[in-house]
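Subject: Handover of the two-chain model

Dear colleague,

Please keep it open while you read.

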Amino acid sequence: MSLSRRNFIKGVIAGGAVASSAGYLFRSAGPLLGQSSAAGAVERLLTLNVNGQARRVDVLKQETLAMTLRYKLGLAGTKLGCDRAECGACTVLIDDVPHYSCSVLTHTVRSRRILTIEGLSAGGDLHPVQQGVLDEQGFQCAFCLPGFVMAAVGYLKVHPNPSREELAHGVSGNLCRCQDYDKILTSLMRGAEYMRRT
Amino acid sequence: MPGNLIGRSYIPPDHLAKVTGRARYAEDFRADGMLFTKLLLSPMPHARVRRLDASAALAMPGVRAILTADDLPDLDGAERALTNEPLYAGEPILAVAAVDELTAADAIEKIVVDLEPLPFVTNALDSLRPDGPNARLNGNAWGPPPPPAAQGPPARPSLETVKWTAGDFAEEEQGRLPMGTPLEEWAYGDLDAGFAAAALVLDETFVVQSTGHHPMETRSAMAYWQNGRLFIHASTQSVAQTRGNIARWVGIDPSQVMLISEYTGGGFGSKGGGAVSSAIPALLSRKANAPVMMRITREEESYIGRARTNMTGRVKVGFAQGGRITAMDLFIVQDTGPYGPLGDHRSAGNAASLIYQPPAMRWRAVNVLTNTPPRSQQRSPGPMQANGIIEPVITKAARQLGIDQVAIRRMNSPEGKAPFGPVLPSGQRNHVTSAFVKQALDRGAALFNWEARGRRTGQRQGSKVRGIGVAVGPHGAGSIGWDSIMTIRPDGRLYVQSGVGNLGTHSVIDLARVAADLLDVPWEKVEVVWGDTGKHLPWTCPSVGSQTTHGMTRANHAGAMDARRKLQEIAARDLGGSPDEYETGGERVYRRSNPARGLTYAQAARRAIALGGRYYGHELPDDINPMTRASATSLAGLGLMGVAKDNYGRNGATYSFVIGFAEVEVDVETGAVTLVDLVAVGDVGTVINPRSLLAQIKGGCCLGVAHALFQKSVVDPRYGVSLTDRFHYSKPLSILDVPSAMQAEALNLADPETPVGARGVGEPPVGAAYGAVMNAIADAVGEDVFRRAPVTADVILMSLEHGRRMHEPLRMHV
């Protein structure tokens, strides 16, 4: 099933989340993490496959994967930078494909494999891309780092030997505001090199 | 300062947590029973709250508390977290705490707010018109700063009302900035004689845009209270300096604030001393008697986050035939937003006098308030705007006089202890501690291959034409007089307390490398303690204005020298002779004449504890800040303590410089600009951490590129509402907008006025790249195609199509 914007909106409507958000100027808070009050907002117990583990979790129909990961599964490494699929800070892999988890409804990924930054080094050893970023000291404030790394890992699974330009395209759905993109790319290229060796 | 660690790259100790996702930023913390808050933002740009009815909201299940401006301490007219008189659309009026965000948002919907609309203005020039509206009920512009007080905090400037005459606006139609009566002004040299002697005089107006800071991490915060003390997880650039601000915003004593901020997701000046909005979860938590999380969305950040002051500037410059500037007359209308006052306009005047070294100059300005999102210093506040206003004139003059663009900047650049700014009360003008701009220009021109590249610019290849540009970005780069605390403990390790915020520049850690080098402690035995005011931090500079590396390497130099002296004294006391006969090195203090005779640092630490007094931190220097005193007292007894204030002298004001070189390709059929290459060279003193330094230069340059090409603020003048409320509407630079490889270097020439030689670097690259990219566009398509930034495709295309500038000449926020 593709996780298109259209499906996302359909999922939200099905979940009844729009009932309360009238969208009055400056008041539209975004229907996040509601529990008791929203009309039709009923939690449902799901089993998710996150970082290789089966996780049982109560989720709302309109709940996004980013919120489930961050606020219900304790996986705060996935960051929220914009809430609107603009910045990529919340990127995770779903069946090895990078997705903006702020724009994926949790109930749509029940039978999928979800991988977050915490799961990359689950065995204790750093993933080659993490090692590349560490060795080359990629990123500064690093708030965007988890999203970039997940996007790079997803891209490199399919394109193991990219040029700098190709890898830049591979992570171009992610924004950094410290903006030393030069060193970010160098560190991810180092990660690509380590990945090819393993 | 030579050493084993200074000048070498290393992997900072916080990086592993970053790459594994374990680094916790403010919104990553949780607490039992944590509530969520949502804000009610003003839909009007200026209004007064006549009536609030929250009864329906408070009756909802799950709603726990409501906070209004009436619950906040008075801050003597300064901006507060909530207001009853919103001064911009998006200003928070109240906050609701509820069991979850959706309930809080629903509660906000149920609150009835009766707002009385008040006059507003979004364009600073409109406020100066004879019948123009004022942004605030009691004025429209900030007066000049009062003279510095002998004691206490500096007095706030007065709010004034300035209106210019219709005659002042006569030149507006021609796109020239009206120049009515300014509120601030200075001059030096003989301006009239300078212009009279000039072979060429140019007079141009330029509009520098406002842009939101938009760090990746918004100003989210989580707070709770324990036993009367506030625990707050917040995002700040400056941990030590933020504690007092939060205390003031919340209305409690600083000693009752426990601020935890180990990781900050960027700030760029918008979180210099924290964020005033952090008072909301703090006070709501006290009211609701439960922890409160305030998640700030990107849209909310676009209002309550900060933005750069925009300026419309007009400059008249006289040039001798050979290119040397003879006189400069600069007038700035600054939009300081609804609060402030910001001082970017003053920094811009100082920067202009510094990097172009006019022998005679006048600076005039008016600092106007508008009902647009609030401003704070943004990475190179002032000098970057000066680059925008003045660079087009320099570029045009070089063209008309037939002088190379690097040559005209080189001949006008500062050197050594170059003077800048107005004549001070002492009768002298200020000067910089050092400047090696000419060397940096030469090095950059060689790296960039300036001459060879210049031969292939300006010629069309199909629809594409290339251009090259250069600019000098200056910025103040260092403060003095801060404190340091470090301890050598019986485990033989050196613990360095760091009150710097951890926003990714690594200065929070770098400063300890100086102490480790001076004491010759291997890096594996150094522990940097940071990110939590409960960990006993020293009085530390705010990490703004590129001052940290300079200010805190000096402080830690002083602290390490104090520790070394104490090691020598203890050795002399135990082993005989005088302290001066002892050396430190190899984790030992030993007799110079007999190196076998000595103490290890671990032994000396135990002796310091036994001796007590000043050796282990019980007796402290008189001149340290009370915060340092309290922290040192808490650490007393743990080992040999180095504690000192930076009392080193300094002759001049510390400035850094970065030279930017850019090549662009412009498609004259679409107006699209592609950045082909960017090279930057820094004159930033001794290099402490090469890899981080180059990241700062390249990252700062990229912010300048984004200002030149994309980013802006757009405010609807009719409704006074900001329209750039998402990333999408003010496009930040992406990885595809920069060349796939960039080159940067630093001269690594020590500043002679600081013991470590290091100056700051964060800011000067911004104006360097901003100016260089715009100059390169001018080189490609003509220097009269644009007089505002960003230089978007439509600006270029419209001008080329019509053969003259078509963009709105003076209006701001378009």
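Where chain A and chain B meet, the contact takes 56 residues from chain A and 59 residues from chain B, two residues being in contact if their C-beta atoms, placed from the backbone, lie within 7 Å. On the side of chain B that touches chain A, at least two residues each are supplied by helix H1 (15-19), strand S1 (35-41), helix H3 (101-109) and helix H18 (690-709) of chain B, where helices (H or I, at least four residues) and strands (E, at least two) are DSSP runs, numbered from the N terminus. H3(B) gives the most to that side, with seven residues. By class, the side of chain B that touches chain A divides into 28 nonpolar, 17 polar and 14 charged residues; Ala, Val, Leu, Ile, Met, Phe, Trp, Tyr, Cys and Pro count as nonpolar, Asp, Glu, Lys and Arg as charged, and the others, Gly among them, as polar.

Please bear in mind that this is a predicted model, in which local features need pLDDT of at least 70 and side-chain atom pairs count only at pLDDT 80 or more, while totals for chains, interfaces and linings use all residues. Residues are numbered from 1 along each chain as its sequence is written, and chains are lettered from A and ligands numbered from 1 in the order in which they are written.

Chain A is divided into domain 1 (5-14 + 43-120) and domain 2 (128-197), with bounds that come from an automatic or database domain assignment. The centres of these two domains of chain A, taken over C-alpha atoms, are separated by 22 Å, and their contact takes 16 residues from domain 1 and 14 residues from domain 2. On the domain 1 side, strand S3 (91-94), strand S4 (97-100) and helix H3 (117-120) of chain A are the elements that give two or more residues, and the largest share, three residues, comes from S3(A).

Within helix H4 (residues 128-136) of chain A, the residues A:Pro128, A:Val129, A:Gln130, A:Gly132, A:Val133 and A:Glu136 are buried, a residue being buried if 20 or more other C-beta atoms lie within 10 Å of its own, exposed if 12 or fewer, and partly exposed in between, with C-beta atoms placed from the backbone. Their cover includes H3, helix H5 (145-158) and helix H7 (181-197) of chain A, together with H1 of chain B. Just after H4(A), A:Gln137 takes a positive phi of about 50°, and A:Gln137 is itself buried, because 23 other C-beta atoms lie within 10 Å.

Most residues other than glycine have a negative phi, and most peptide bonds are trans. Chain B has a residue with a positive phi as well, B:Asn748, where phi is near 60°; B:Asn748 sits in the loop between strand S30 (743-746) and H19 of chain B and counts as partly exposed, because 16 C-beta neighbours are inside 10 Å. A cis peptide bond joins B:Gly340 and B:Pro341, with omega about 5°, and B:Pro341 is found in the loop between strand S15 (325-335) and helix H9 (344-355) of chain B. Another cis peptide bond joins B:Ala789 and B:Pro790, with omega about 0°, B:Pro790 being in the loop between helix H19 (764-781) and helix H20 (793-802) of chain B.

With kind regards
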